Amino acid sequence: MTKRVVTLAHYYTQPEVQQMADKVGDSLELSLYAQEAEADIIVFAGVRFMAETAKILNPKARVILPDADSTCSLVTQTDVTQLAKWRNSYPDHVHVSYINSSAEHKALSDWIVTSRNVDDVIAELYSQGKKVIFSPDRNMGAYLNFQYGYDMPLWSAVCEVHDKFNETALNEAIGAVDAAHLIAHPESPLPVLQRAEYVGSTSGMLNWVKGYQGETKDVIFVATEDGILYNMRMARPDLDLRQAPIYAGCQCNSCPYMKLNNVEAVKRAQDGIGLEIDYLTTEQMAAARVPIERMLAFSQRYLA
Ligand code: 13P
Ligand code: SF4
């Protein structure tokens, strides 16, 4: 019997890779798709924490990451032993962790969130009178504290791609055009997020662009990884969409880990060759599954 191979791709992968996928989406959509996929093999054209999440949610499937080096700086900047000490120093707080984290990190968390549901999960916890600590993304946490007046203690790691967007380059770019809009991913630094008229996940930004009803001559700056510009331009070829600059004149911020998913690597993975996510123990997966499933149950409402 032929093996059922399901290929998933994040929006930050190259257009040719997205075209090879059964499903393209943000972290939340891809996690849910992986959980429900009837597959012998799931090829995850994304980064390692995404493939690990797929394996945790669908342990019967073989999950293959096309390139073993597809990591994420939010994971590599977090020492899990130090994280455990930090978490233990707030025994009366709920630990909310961004999905961009290792399986061991997830196992130390009460809730996992994605950029799609982080605002709502934390609002719900505060409405219940809980105290919250947030890891690992310092920029996302600073934005939540600023936006909602929280006082969450934050772990300090950043996305090395989004952290490069900066206010000075943005001011110059905005000053050079007649009219501009800015939308941004919440992994960006706070001064950039404070200027944005929309802050949200990759899918959220794509939906904002699809629904844009302003002047088509206005420039729309997008502070996120360059891959999703492809999806935005396909959806709205009438708009002037530009990646936000990281320095004057440069629209050039790309995630090196996502881009390791080239066509050849994804083809090889579809033949079962790549990094197989087979190193997590049953206990590790069970511990990490609890906070992920809590989030997925909470999030069903966003996906209607
Ligand atoms: P999304 O969940 O918004 O797709 O973000 C994933 C990511 O890694 C952003 O850098
Ligand atoms: Fe990680 Fe940043 Fe790459 Fe997203 S863009 S996978 S957060 S390094």
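**A tour of the ligand sites**

Select Thr 202 and ligand 1: a polar side-chain atom of Thr 202 lies 2.6 Å from an oxygen atom of the ligand, a polar contact being a pair of N or O atoms within 3.5 Å (within protein, one must be able to donate a hydrogen and the other to accept it, and residues adjacent in sequence count only if both atoms are side-chain atoms). This is a predicted model, in which local features need pLDDT of at least 70 and side-chain atom pairs count only at pLDDT 80 or more, whereas totals for chains, interfaces and linings use all residues. Residues are numbered from 1 along each chain as its sequence is written, chains are lettered from A and ligands numbered from 1 in the order in which they are written, and side-chain values use heavy atoms, without hydrogens and water.

Then display the shell of ligand 1, taking residues with a heavy atom within 4 Å; among them are His 10, Asp 26, His 162 and His 185. By class, this shell holds 2 nonpolar, 8 polar and 2 charged residues.

Turn now to the largest cavity, whose volume is about 270 Å³. A cavity is a set of points, on a 1 Å grid over the protein atoms alone, where a 1.4 Å probe fits but cannot get out; lining residues have an atom within 4 Å of a point. Its lining comprises 27 residues, with Tyr 12, Met 50, Asn 100, Glu 187 and Met 258 nearest its centre.

Finally, select ligand 2, which sits in the largest cavity (more than half of its atoms lie within 2 Å of the grid points). Residues around ligand 2 include Cys 72, Cys 159 and Cys 255, and its shell has 7 nonpolar, 2 polar and 1 charged residues.

Conventions: Nonpolar A, V, L, I, M, F, W, Y, C, P; charged D, E, K, R; others polar. 1 Å grid on protein atoms, 1.4 Å probe; cavity = no way out; pocket = protein on both sides within 12 Å on 5 of 7 lines; lining within 4 Å. Points joined across faces, edges and corners; volume = space filled by probe spheres on them.
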